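Student: I have a structure open and would like to learn how to read it one feature at a time. Could we go through it together?

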Amino acid sequence: MLRITEAEAMPGRRLRLTLSNGQIVERDVSGLMWGPVFERIAASEEAFAEVVVEGGTAAWPSDGADIAPETLIWNGPEPPDDTDLGPPDFAVVVSPNRPPR
């Protein structure tokens, strides 16, 4: 099962995500941060930059917020075959051949 191992905040509410297969992708999450739990994060670059990885996904613990890994990686449910299928075109692949750490 593919998960997120590292997350780095970038300008414009984008995240650079390292996946458990070593692939690095950049994902615009501006449209995924809605509701009261994301108010501070969506309004402040500094709050957005507090992102960490918890439970295989991007999270902001001080706000009690996270975005499901299947949403970040596949933009919906994970593939049913439980493989390391990479993300579709909405996520920009930065390094497809980087070995896992």
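Student: How many bridges join β4 to β5, and in which sense do the two strands run?

Tutor: Before I answer, note that this is a predicted model, in which local features need pLDDT of at least 70 and side-chain atom pairs count only at pLDDT 80 or more, while totals for chains, interfaces and linings use all residues. Residues are numbered from 1 along each chain as its sequence is written, and side-chain values use heavy atoms, with hydrogens and water left out. Strands (E, at least two residues) and helices (H or I, at least four) are DSSP runs, numbered from the N terminus, and two strands pair if DSSP finds at least two bridges between them. Here β4 and β5 run antiparallel and are joined by three bridges, with Glu54 standing opposite Thr57 in β5.

Student: Which strands form the open sheet, and in what order?

Tutor: The open sheet has three strands in the order β4-β5-β6, with antiparallel pairing. Its edge strands, each pairing on one side only, are β4 (52-54) and β6 (65-67). Strand β5, residues 57-60, pairs with β6 over three bridges, and Ala58 has Ile67 as its bridge partner in β6.

Student: Are the faces of β5 covered or open?

Tutor: In a regular strand the side chains alternate between the two faces of the sheet. Buried means under 20% relative accessible area, exposed means over 50%, and partly exposed is in between, using a 1.4 Å probe and protein chains only. Both faces of β5 are covered, with Thr57 and Ala59 buried on one side and Ala58 and Trp60 buried on the other.

Student: How are the rings of Phe38 and Trp60 arranged?

Tutor: Rings of Phe, Tyr and Trp (its six-membered ring) pair if their centres lie within 6.5 Å, and planes under 30 degrees apart count as stacked, over 60 as edge-to-face and the rest as tilted. By this rule there are two aromatic pairs. For Phe38 and Trp60, the ring centres are 6.0 Å apart and the planes stand at 80°, so this pair is edge-to-face. Because Phe38 lies in the loop between β3 (24-28) and α1 (39-43) and Trp60 in strand β5, the pair ties together parts that are 22 residues apart in sequence. Phe38 and Trp60 are both buried, and together with Phe48 they form one aromatic cluster.

Student: Which side chain meets Arg13 in a salt bridge?

Tutor: Side chains of opposite charge can pair when their charged atoms come close. A salt bridge is a side-chain nitrogen of Lys or Arg within 4 Å of a carboxyl oxygen of Asp or Glu, and a search of the whole structure finds four. In one of them the side chain of Arg13 meets that of Glu45, at 2.3 Å from N to O. This pair links distant parts of the chain, with Glu45 in helix α2 and Arg13 in the loop between β1 and β2, 32 residues apart. Arg13 is buried at 11% relative accessibility, whereas Glu45 is partly exposed at 39%.

Student: Which residues are linked in a network of salt bridges?

Tutor: Arg40, Glu50 and Asp63 are linked in this way, and the closest N and O atoms of Glu50 and Arg40 are 2.7 Å apart.
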